[in-house]
Amino acid sequence: ETMLGQYMSGFFDNEYKGQEPHVQNAQQLTLNGNNLDDYMNGIWAGMYGAIARANNAIKYVPGTPGLTDAERTMLEAEARFFRAFAYYFMVRMFGEVPVITEPYESLENMYVSPNSVAEVYDLIVADLLFAVNQGNLSENAMVNNGYRITRGAARTILSEVYLTMSGFPLQENHFAEAAEQARAVINSGTYELMQHSTNNEGEVIMENSAYNKIRKEEALASEYIYLIEHEIGIGTTNYPGYCYPVALANEVKYAITNGAYQPVEEFLWGYNPEEDLRVQNKQYFHTTFEDEDGETITFPPTPYIWHDTEALFETATSGKDIQAYGYADVILIAAEAIARTEGVTTEAVGYLADIKSRAYWKQDRAAIENELSGLSVDEFVEEVWEERYRELVFTFKTWFDIQRTRKFPQTSENTRGQIEFVDLIGQENSWGQTFQERHLLFPLPERELQRNPELVQNSGY
């Protein structure tokens with residue numbers, strides 16, 4: 001589900017799209033409530049199932065015997081976090097959706113009308129503020145908190161919610177609140193950006209770059225703020241199987257491999273191949289494999305960040321955790337929000353330079369800061385957008401950024417590493433399809449419209 005918007009942008013392909021029509025319909029912008037009915041219904045039902053469970057917890061945890069007051073508050077905060085997160089996903093995908101805050105315990109009021117986008121966000125903010133301010137949540141990282149929701153995770157989502165509310169469709173100015181929440185995460189001292197390992201000459205050791213440390217989960221406590229936990233024997237992950245194309249299935253222990261998230265050329269043109277470490281081989285992506293005979297097999301760029309060596313070559317089973325929100329998210333939110341409220345300050349420049357100096361490993365940090373300091377607010381913000389495009393590719397933020405800015409990141413083969421943000425409406429994606437107003441939201445599943453007569457299909461579908 002999180003990849004759907006990435007396919008919609010036109011920047012990513014899936015080798016199995018012949019049997020996964022939602023990919024083709026997203027890429028070709030031919031999606032509607034019928035041809036995506038089953039897929040969208042899975043998302044709709046899954047989110048409202050999570051909301052229903054949260055509503056039960058929020059209602060009944062306060063009266064549950066055998067708990068301390070602190071435990072009751074923490075459990076309610078966790079439930080409110082998951083309810084907010086589900087509604088945040090839904091409102092960005094579908095716009096106006098029904099806000100349901102009570103458990104279904106009878107057949108009364110089965111058909112609920114959709115609420116306005118502003119009303120959905122009101123609930124999201126209220127739930128996350130409860131989690132942050134009253135939730136008795138830990139200040140530790142998730143991996144040091146038994147993988148339970150932390151205050152840092154709640155603040156991170158809330159900061160992004162405020163950033164999103166400041167863009168389309170609401171266009172409310174919540175940049176100051178976004179900056180406040182992001183700063184609180186930064187100043188907590190819990191998180192930091194993982195840095196590259198270097199040799200005696202100060203050169204980056206490529207297999208121990210920060211990005212490979214993230215891949216190998218050395219950065220779990222410092223960079224993974226909100227993660228999807230997997231554990232061998234309980235719940236394994238398919239992501240390592242996405243690290244090789246179908247043609248290389250016989251080279252690994254997995255029965256099936258699938259290039260399910262392959263960046264197309266137009267996306268990769270957004271990186272400077274000479275200066276950006278993230279786009280070098282075996283960093284974010286990889287393009288080569290050495291077989292048992294020592295022959296090098298070449299394939300299209302495919303995710304390396306999910307590469308699990310033991311699972312791929314020994315066990316075919318991975319417990320690798322998947323990062324949903326990382327410290328880089330917070331740093332970039334802070335840079336954008338501070339610039340919008342206070343200007344291109346030393347603080348904002350420093351945050352963006354943290355991301356850029358790690359990525360552009362050959363460049364001097366002082367030179368990066370000096371260049372950023374000379375930018376106008378709009379120029380600086382677009383620099384932030386560029387780094388969000390490059391840095392957050394594996395937390396699937398590209399389409400959501402396009403929605404909130406209504407700007408499309410246009411790249412060029414002739415000027416690699418340069419991105420121009422143009423108006424989305426009327427722009428073609430990489431498959432030659434033109435974005436229209438309706439594409440800013442996804443269609444509601446047809447079966448849900450039939451179940452609930454109070455719902456109305458999104459405009460244009």
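Colleague: What makes you say that the charged end of arginine 278 sits over the ring of tyrosine 360?

Modeller: The charged end lies 5.6 Å from the ring centre, and a charge sits over a ring if NZ of Lys or CZ of Arg is within 6 Å of the ring centre and within 35 degrees of the ring normal. By that rule arginine 92 also has its charged end over a ring, that of tyrosine 88, 3.6 Å from its centre. Please keep in mind that this is a predicted model, in which local features need pLDDT of at least 70 and side-chain atom pairs count only at pLDDT 80 or more, while totals for chains, interfaces and linings use all residues. Residues are numbered from 1 along each chain as its sequence is written, and side-chain values use heavy atoms, with hydrogens and water left out.

Colleague: Why is the contact between arginine 148 and glutamate 78 called a salt bridge?

Modeller: The closest N and O atoms are 2.8 Å apart, and the term requires a side-chain nitrogen of Lys or Arg within 4 Å of a carboxyl oxygen of Asp or Glu, so the pair qualifies. This pair links distant parts of the chain, with arginine 148 in the loop between helix 5 and helix 6 (151-166) and glutamate 78 in helix 4, 70 residues apart; helices (H or I, at least four residues) and strands (E, at least two) are DSSP runs, numbered from the N terminus.

Colleague: What makes the pair of lysine 407 and aspartate 423 a salt bridge, and what does the pair tie together?

Modeller: Their closest N and O atoms are 2.6 Å apart, which is within the cut-off already given. Lysine 407 belongs to strand 7 (residues 407-410) and aspartate 423 to strand 8, so the pair ties together parts that are 16 residues apart in sequence. Lysine 407 is partly exposed at 26% relative accessibility, and aspartate 423 is partly exposed at 49%.

Colleague: Why is strand 6 described as largely enclosed, and how do you know that strand 2 pairs with it?

Modeller: Five of the five residues of strand 6 (residues 322-326) are buried, so the rest of the structure largely encloses the strand. Pairing needs at least two DSSP bridges between two strands, and four bridges join strand 2 (residues 224-228) to strand 6, the two running antiparallel. Tyrosine 224 stands opposite glycine 326 in strand 6.

How values were computed:
Buried < 20%, exposed > 50% of the residue type's maximum accessible area, 1.4 Å probe, protein only.
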